[in-house]
Amino acid sequence: MPKLETVIGLKTKHSGKAWYSLVLLLVFILLSVYLDWPPKPQSEITVGTEFSAERAFQHLEVIAQKPHPTGSLENEKVRQYLVDQLKILGLDPQVEQRSHLDVRYDFVNSVEIYNVVGSIKGSDGGKKVVLMAHYDSVPTGPGANDNGVAVAALLETARILKTAPQPKNDILFVFTDAEEMGLIGAKEYWADPARIGNTGIVINLEARGSKGSSLMFQTSRHNEWLIQEFGKVAPNPVTSSLLSSFYEKMPNDTDLTIAIEAGLPSLNFAYGQGWTAYHSTMDNIESVHLGTLQHHGENALQLARHFGQIDFNDQAATSNRVFFSFLGQVVHYPEGLAVPIAIFLFALYLTVLIGAFRKKVISFAQIGKGFLAIFTSIAGSLLVILPLWFLVNKLWAHKMSLLDGGGLHDGMLYNLSFLLITVGLCLFVWNCFKRKLNRFAVVLSAMLLWLIILVLLTLYLKGATYLFAFPLLINLVVLGVSLFRPEPDKMIRHPIALAVVCFVPVILFTSVFQLLYSFLPVDLNVFINVIAVLLLAFLYVPVGEIGHASRWTPIVPAGIAVVLLIISWALAAPTEQRQVNSNLFYVLDDETQEAQWVTMFPPNEWTKQYVDEGSQSGLENILSGAGYSPVWTGIGPVVPVNSPEINIIEKSTNNGEQNIQLKIKTDEHTRVLYLTLTNPSPSTSVQLGDRIIPMALENESLTIRQTGLPQEGLTLHIKGPASEALELQLTEVRDQVVEKLARVWQERPKELAPGGRFDGNMLIKSHFKIDQMD
């Protein structure tokens with residue numbers, strides 16, 4: 001058994017440079033992590049003109065007590081709190097009620113939404129600064145992070161700005177409703193063309209986790225002046241045009257999507273570490289990181305102060321920028337330079353390559369061996385990690401997956417494990433090639449692959465080009481300078497050269513890897529290790545010093561990876577602090593007096609008490625218009641419930657056409673109401689309130705999902721042939737299953753979190769034959 005000092009390379013002629021290279025890489029990695037860390041939260045006794053996370057957190061303690069989805073009583077309570085706070089601050093709050101309608105063939109999504117808007121008047125009456133955050137949550141979680149932190153940050157920002165000197169521009173605080181239902185509040189807010197023309201900038205705050213830096217991850221197009229202004233004032237900026245370019249091509253949306261589509265200058269902020277809290281009961285105030293709240297708030301405050309004073313008429317739409325945060329600053333340059341930079345780097349690469357051949361530092365055979373070592377490492381990494389992840393996921397990782405929000409407990413452990421395995425494999429392969437590899441040849445081989453990637457990014461993802469361009473430039477300069485020295489190989493191994501070559505790529509890629517590991521699932525991050533191999537090959541000079549120090553060195557990262565995987569295995573048991581999803585709801589047919597338990601997730605030990613594992617069917621069989629998701633069912637107890645109240649306002653027949661107007665009032669716990677009209681003819685017209693619903697020809701039925709019920713009741717107006725026998729089915733989604741079924745509802749185990757649609761709800765079906773109603 002080799003001694004420890006031999007394993008890590010202490011007793012070799014390479015030990016000095018190996019230790020130096022290792023320390024250098026670790027220091028730069030830690031520096032990058034530190035630079036991306038959220039700021040220290042400020043206490044509530046902080047001077048009133050500065051943002052305090054502790055003061056903002058007091059709002060959060062009220063906002064995020066319970067889930068508050070659109071249409072619920074809790075949503076109304078949160079809305080009233082916002083109105084009360086804005087009144088106290090003197091921001092003249094306005095509640096904008098809108099009825100939103102989306103029609104898709106035979107399904108209509110109707111939502112009553114309530115946006116809350118407060119304003120600080122400017123002295124010049126120029127274009128407005130709009131700060132946005134949605135205040136609704138998903139039904140399955142209190143929404144402390146998504147999006148309570150943003151709401152609390154804006155309330156604290158409003159307090160500070162209200163006590164400050166008057167800005168030149170109006171500053172609006174817009175708290176939108178129904179973002180979780182499809183950006184509906186934002187759609188209604190920006191439906192007014194006058195608002196669009198009178199807005200100078202929109203700043204949106206979001207979240208997809210529970211901690212991490214407030215990342216500026218998206219901008220509108222023609223962002224040159226936006227990035228320039230952001231770079232001037234942003235405190236502790238964390239940003240990257242890589243994410244902005246990548247996000248443009250993804251199907252994801254936030255409220256800011258609507259503003260961007262309207263052509264408004266826009267900046268979007270979010271944080272994404274702690275993915276497992278997303279859309280779950282774990283998204284509570286205990287999961288909130290005060291440093292994250294501080295960073296969110298500081299961004300909102302400083303940008304509101306800055307944009308509140310500028311003249312938007314001077315900010316013409318210009319080109320796009322490539323941008324990234326580096327050492328606390330925002331570095332940016334025109335996107336149009338991406339092509340010239342790529343051409344210049346190719347020319348510089350050819351110059352260095354030809355110089356290396358002329359000086360006989362490399363040969364074609366050595367270049368070939370360099371490529372062989374790199375591709376062998378890539379193949380080895382994928383051949384080991386892909387089946388390993390499949391096995392690990394099958395054996396224990398899947399137990400900690402959240403089916404609803406997409407997160408995975410200990411995802412970072414798996415990501416780091418596979419990265420360390422990749423490092424160990426690279427070191428092992430390169431040690432096998434040790435006597436055959438030439439440092440210049442390996443680095444130049446890696447550089448050619450980097451240049452190919454740079455060209456592809458220049459064509460398809462310009463915002464990511466900086467990640468490869470700047471390290472290439474620096475490394476090519478170092479190699480070029482070394483060729484003018486008597487001993488080029490010795491020159492590139494000089495401590496200063498090693499530091500120069502490592503600094504920029506390690507800082508940049510550590511930041512990007514951290515973001516990818518936070519925002520992407522492990523399934524995709526497995527392939528990120530291909531980039532890791534190319535980075536290690538690019539840094540072959542310092543990494544090779546470490547790897548060649550001892551033939552046992554590859555065991556160290558691989559051993560650490562094994563330890564991390566063992567830890568993940570030991571932790572692969574859900575607990576109250578590390579919950580996984582479960583789903584269960586109750587369906588009662590008030591006419592047939594038949595009841596069912598239903599789950600949308602494969603039955604677990606808790607739900608097996610209620611449903612049959614062999615009873616799989618489709619959700620459409622349970623609720624018309626709800627989609628075709630698989631469900632499992634079981635017989636449930638029949639409990640007494642209040643039926644919806646339907647009153648006929650008008651019922652008449654004239655010239656063979658019947659005219660029926662109904663007023664529908666539901667239980668106070670009803671958050672969503674599904675109305676299904678069966679057997680309508682092509683000539684039937686339906687009006688919901690004052691909104692006419694277009695009918696597609698030959699519909700067998702029409703389903704309307706109404707979210708948010710007016711207190712005075714919902715008016716339904718139907719006109720059609722007097723001969724048609726119309727039937728109306730109402731399905732109420734009530735937030736009260738535990739209260740009504742306390743005797744038979746076994747308490748959900750603490751390690752299980754609500755998840756999926758309708759969890760914890762009662763679905764009450766009622767049937768009415770309209771022609772028989774009086």
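**Contacts, burial and pairing, term by term**

Modeller: Leaving aside residues up to four places away in sequence, Asn169 touches Ile120, Gly122, Gly126, Lys127, Val129, Phe307, Gly308, Gln309, Ile310 and Phe312. The model is predicted.

Biologist: Where does Asn169 lie, and why does Asn169 count as buried?

Modeller: Asn169 is in the loop between α5 (144-163) and β4 (171-176). Its relative accessibility is 4%. Buried means under 20%, so Asn169 counts as buried.

Biologist: Why is Gly406 called partly exposed?

Modeller: Gly406, in the loop between α13 (364-395) and α14 (411-432), has 36% relative accessibility. Buried is under 20% and exposed is over 50%, so Gly406 falls in between and counts as partly exposed. Gly406 and Gly16 are 390 residues apart in sequence and 45 Å apart in space, taken from C-alpha to C-alpha.

Biologist: How is the packing of helices α2 and α18 described?

Modeller: For two packed helices one gives the angle between the axes and the distance between the axes. Helix α2 (residues 15-35) and helix α18 (residues 495-519) pack at about 35 degrees, and their axes are 8 Å apart. The crossing of α2 past α18 is right-handed. Residues in the contact include Tyr20, Leu24 and Phe28 of α2 and Ala499, Phe503 and Val506 of α18. By class, this contact has 15 nonpolar, five polar and one charged residues.

Biologist: How do you know that strand β11 is mostly covered?

Modeller: Five of the five residues of β11 (585-589) are buried. Phe585, Val587 and Asp589 are buried on one side, and Tyr586 and Leu588 are buried on the other.

Biologist: What makes β11 a partner of β12 and of β24?

Modeller: Two strands pair if there are at least two bridges between them. β11 has five bridges to β12 (residues 594-599), running antiparallel, and four to β24 (residues 762-769), running parallel. Both counts reach the cut-off, so β11 pairs with β12 and with β24. Phe585 stands opposite Val598 in β12, and Val587 opposite Leu763 in β24. In the hairpin of β11 and β12, four residues separate the strands, and Gln593 has a positive phi near 55 degrees.

Biologist: Why are β15 and β19 called edge strands?

Modeller: The open sheet has five strands in the order β15-β16-β21-β18-β19, with antiparallel pairing. Its edge strands, β15 (645-654) and β19 (691-693), each pair on one side only. The twist from one strand to the next averages 20 degrees. β15 is joined to β16 (residues 657-665) by nine bridges, and Ile646 stands opposite Ile664 there.

Notes:
Residues numbered from 1 in each chain as written. Predicted model: local features only at pLDDT ≥ 70, side-chain atom pairs only at ≥ 80, totals over all residues. Heavy atoms only, no water. Buried < 20%, exposed > 50% of the residue type's maximum accessible area, 1.4 Å probe, protein only. Helix = DSSP H or I, 4+ residues; strand = E, 2+ residues; numbered from the N terminus. Axes fitted to C-alpha atoms, helices over the stretch in contact; angles between N-to-C directions. Left-handed = near helix turned anticlockwise from the far one by under 90°. Contact = heavy atoms within 4.5 Å. Nonpolar A, V, L, I, M, F, W, Y, C, P; charged D, E, K, R; others polar.
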